[in-house]
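Colleague: Can you walk me through this one? I'd like to take it piece by piece.

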Amino acid sequence: MNPQKSTNSQRPPLELWGGLECTVNRVRDEYFSQLDRNGHAGRACDIGRFAATGIRAIRYPVLWERTAPEGIDGADWSWPDERLQALRDAGITPIAGLVHHGSGPRHTSLLDPGFAEQLAAYAGAVAARYPWITYYTPVNEPCTTARFAGLYGVWYPHGRDDRSFVQALLNQCRAVVLSMRAIRAVNPQAKLVQTDDLGKTYGTPELGHVAEFYNERRWLAWDLLCGMVDEGHALWDYLLKTGIAAEEFLWFRDNPCPPDIIGVNYYVTSERWLDHRPERFPEHHRGVADGIPCADIEASRVLATPTPGIAPLLSEIWDRYGIPLAITEAHIDANREDQLRWLLEIWQAAQQSQRNGIDVRAVTVWSLLGSFDWNSLVTQNRGYYEPGPFDVRSPTPRPTALARMMKELSLGAPLSHPVLRGQGWWRRPGRFLCHPPVATPAALTSIAADGARLVGTQAAPILILGATGTLGRAFARVCRRRNLSYRLLSRQEMDIADAASVERALAQYQPWAVINTCGYVRVDEAEGDAARCLRENTSGPAILAAACARHGIHLTTFSSDLVFDGRQDRPYVESDPVAPLNVYGRSKAEAEVAVLDANPDALVVRTSAFFGPWDAYNFVTLALGALERGEPFAASNDLTITATYVPDLVHACLDLAIDREAGIWHLSNGGELTWAELALKAAGRAGIDASRLEARAIDYPAARPRYCALGSERGILLPRLDQALDRYLELRNLDDPEIVELQHTAESRQPLASGHRQQEETPLDAVQARNC
């Protein structure tokens with residue numbers, strides 16, 4: 001019995017919605033609150049930021065465990081009172097979420113027989129206090145949450161069996177029905193927006209029965225709410241084998257509460273591949289399904305031809321229910337350009353689905369303030385952060401390129417960012433985690449999978465200046481990996497101190513951004529070569545900045561910690577006054593002023609003490625090489641610096657350039673230490689004997705500040721030094737560290753964190769208990 005399809009032929013244009021990651025996840029007796037970590041719990045002014053993106057509606061938390069943890073009589077409504085009114089004043093429709101990947105207050109759980117009635121009582125209180133709210137999601141993703149909490153043992157109450165999974169699902173769905181009943185008693189016009197993950201599993205024939213089961217199971221929450229679960233349901237026998245009475249399932253047939261809008265959450269991890277040859281795949285993707293050793297991995301990492309994406313899945317859910325749809329979470333944890341590309345692909349798929357007759361109402365950008373530690377399924381507090389349209393690592397949330405793109409989408413304006421013309425990583429050849437990749441099933445290859453319609457049109461490049469330098473070559477490597485169009489130029493191709501040369505190169509290549517890594521770098525020699533140092537480090541960047549300003553081209557250029565005199569005893573931040581002690585430092589300090597005077601939209605990055613896997617002459621590489629050979633190595637013990645891992649620096653600079661950030665930024669991996677301490681730390685983590693390290697004061701020809709550690713008042717964007725050193729040490733003896741480092745970066749960001757799904761990686765053994 002399918003609900004009657006919506007037949008409205010005059011459907012409104014696709015709307016842009018926003019979402020706020022608000023999980024209050026419980027792991028045993030520890031809670032992980034996203035609202036506390038992203039700062040929105042104490043920052044009502046975010047509402048204005050959200051409104052500036054042009055969103056029409058927002059998935060907004062009015063969470064049970066935050067508002068009424070000790071019961072309704074003791075509820076504190078002050079937080080939602082202020083924020084819901086602010087949303088109303090801003091003309092943003094709230095979709096009130098009452099439980100989001102949570103299990104309610106401490107006194108209850110998803111397996112508590114009283115969970116549904118208690119949540120319904122809270123829902124009724126919310127409706128009574130805010131009778132003007134029309135849209136509700138009483139429980140977010142009940143099927144997904146039941147899997148994590150009842151089948152996989154990841155979240156509270158940590159069940160690991162089919163009965164716990166099904167009981168948690170029933171309790172949540174019953175809570176939805178009773179909550180909407182209580183809400184509609186106050187507001188008969190209230191609408192249910194019921195969200196869940198919309199994925200699909202594919203696999204080898206040997207695991208076809210497991211994939212079939214997963215593909216039926218994904219519908220269970222919506223099927224229950226629509227009253228579609230009875231003796232004829234495909235999973236009826238499975239459900240009864242849990243030992244739960246048939247009456248508990250049939251209750252939904254007699255008390256249907258179909259969604260007014262089905263909310264589809266879709267991630268790059270939502271589509272899975274099951275393979276009976278686990279040895280072909282990374283170890284952490286291996287497990288057992290129905291007694292068969294196998295691998296469970298994102299389809300994008302395996303299939304030779306990528307899946308078409310969300311559009312066919314929207315057709316499936318529309319055909320099954322005929323209920324209006326909204327994409328209620330669209331997000332990927334990736335570098336900035338791929339976040340933009342992912343949103344564009346989802347948006348265009350929704351538009352195409354509308355043209356195909358599917359009633360798709362909106363696309364929701366998730367999450368407006370980013371999210372924390374979803375790469376560990378929010379089971380650990382590691383500080384892993386995924387930015388969204390706003391980056392909360394700054395003192396106030398900083399708008400990223402996603403925020404600008406949202407504004408363009410909301411206005412129906414042409415999308416302006418040049419990086420949108422490239423394919424996302426999930427469609428590029430370097431995405432595979434198995435070799436050779438798996439032949440894509442014929443049913444999928446029959447559908448075009450080219451991604452966004454902008455792909456294939458000519459992309460303006462990034463001009464990288466400094467073809468012979470470590471940093472310039474590093475930018476080229478990373479741009480190539482990130483599929484950013486670029487040209488790496490030598491001084492012969494563009495001399496930045498020659499205005500005519502600059503104009504010729506800009507006219508020839510028509511870049512959207514310029515990254516200037518060239519310049520005079522020999523600090524001691526600059527004392528006797530001041531004219532040349534100033535020409536290359538000061539005059540040249542000023543000429544380049546003025547030209548970029550005239551042509552509307554974003555400029556990133558580099559400065560140094562040597563602009564400071566070292567008299568402070570705390571890390572320098574961007575607004576600290578400069579007072580260089582040597583010619584090189586003076587050339588950089590004067591360049592900062594000249595560049596920003598000529599081009600206030602330029603980005604000036606102060607950094608220091610490079611090390612990395614791609615050149616043989618940086619301090620850490622030289623120190624470890626000498627100590628490993630048993631040779632003495634002298635290092636200063638009277639100059640304090642902060643070290644910078646080149647791959648981290650390059651990635652952060654590219655993200656900032658894509659965001660069109662301006663002004664001075666300090667970028668380093670932190671950690672105040674002397675050069676000798678840096679060598680000692682690196683040797684210790686590498687297990688290399690450092691007894692031949694000679695820590696002493698070194699008399700340099702050019703004066704150095706005794707202390708020039710860099711901090712930041714604008715945002716700490718690079719990982720900690722210990723983590724950077726560990727990644728460097730993994731690569732230092734490899735034949736091709738370029739490929740490994742770039743793959744490491746991509747893999748560390750994608751498989752878990754790129755959405756929020758590990759789907760079946762943790763619980764493969766859990767399905768052994770069921771009989772398909």
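Colleague: Which residues does T195 touch, not counting residues up to four places away in sequence?
Modeller: T195 touches R59, T137, V139, N140, E141, P142, W222, G263, N265 and T328. Contact here means heavy atoms within 4.5 Å. Before we go on: this is a predicted model, where local features need pLDDT of at least 70, side-chain atom pairs count only at pLDDT 80 or more, and totals for chains, interfaces and linings use all residues. Residues are numbered from 1 along each chain as its sequence is written, and side-chain values use heavy atoms, with hydrogens and water left out.

Colleague: Where does T195 lie?
Modeller: In strand β7, residues 191-197. Strands (E, at least two residues) and helices (H or I, at least four) are DSSP runs, numbered from the N terminus.

Colleague: Is T195 buried or exposed?
Modeller: T195 counts as buried, because its relative accessibility is 0%. Buried means under 20% relative accessible area, exposed over 50%, and partly exposed in between, with a 1.4 Å probe and protein chains only.

Colleague: What polar contact joins the side chains of T195 and N140?
Modeller: One of 2.7 Å. A polar contact is a pair of N or O atoms within 3.5 Å; within protein, one must be able to donate a hydrogen and the other to accept it, and residues adjacent in sequence count only if both atoms are side-chain atoms. The T195 side chain also reaches the backbone nitrogen of E141, at 3.2 Å.

Colleague: New topic, helices. At what angle do α6 and α7 pack?
Modeller: About 145 degrees, with the axes 8 Å apart. Helix α6 covers residues 142-151 and α7 covers 162-186. Axes are lines fitted to C-alpha atoms, for helices over the stretch in contact, and angles run from 0 to 180 degrees between N-to-C directions.

Colleague: Which residues meet there?
Modeller: P142, C143, T145, A146, R147, G150 and L151 in α6 meet D162, S164, F165, A168, L169, Q172 and C173 in α7.

Colleague: And strand β14, why is it largely enclosed by the rest of the structure?
Modeller: Because five of its six residues, in the run 360-365, are buried.

Colleague: Which strands pair with β14?
Modeller: Strand β1 (residues 15-19) pairs with β14 in the parallel sense, over four bridges. There, W17 stands opposite T364. Strand β13 (residues 325-330) also pairs with β14 in the parallel sense, over three bridges. In that pairing, A330 stands opposite V365. Two strands pair if DSSP finds at least two bridges between them.
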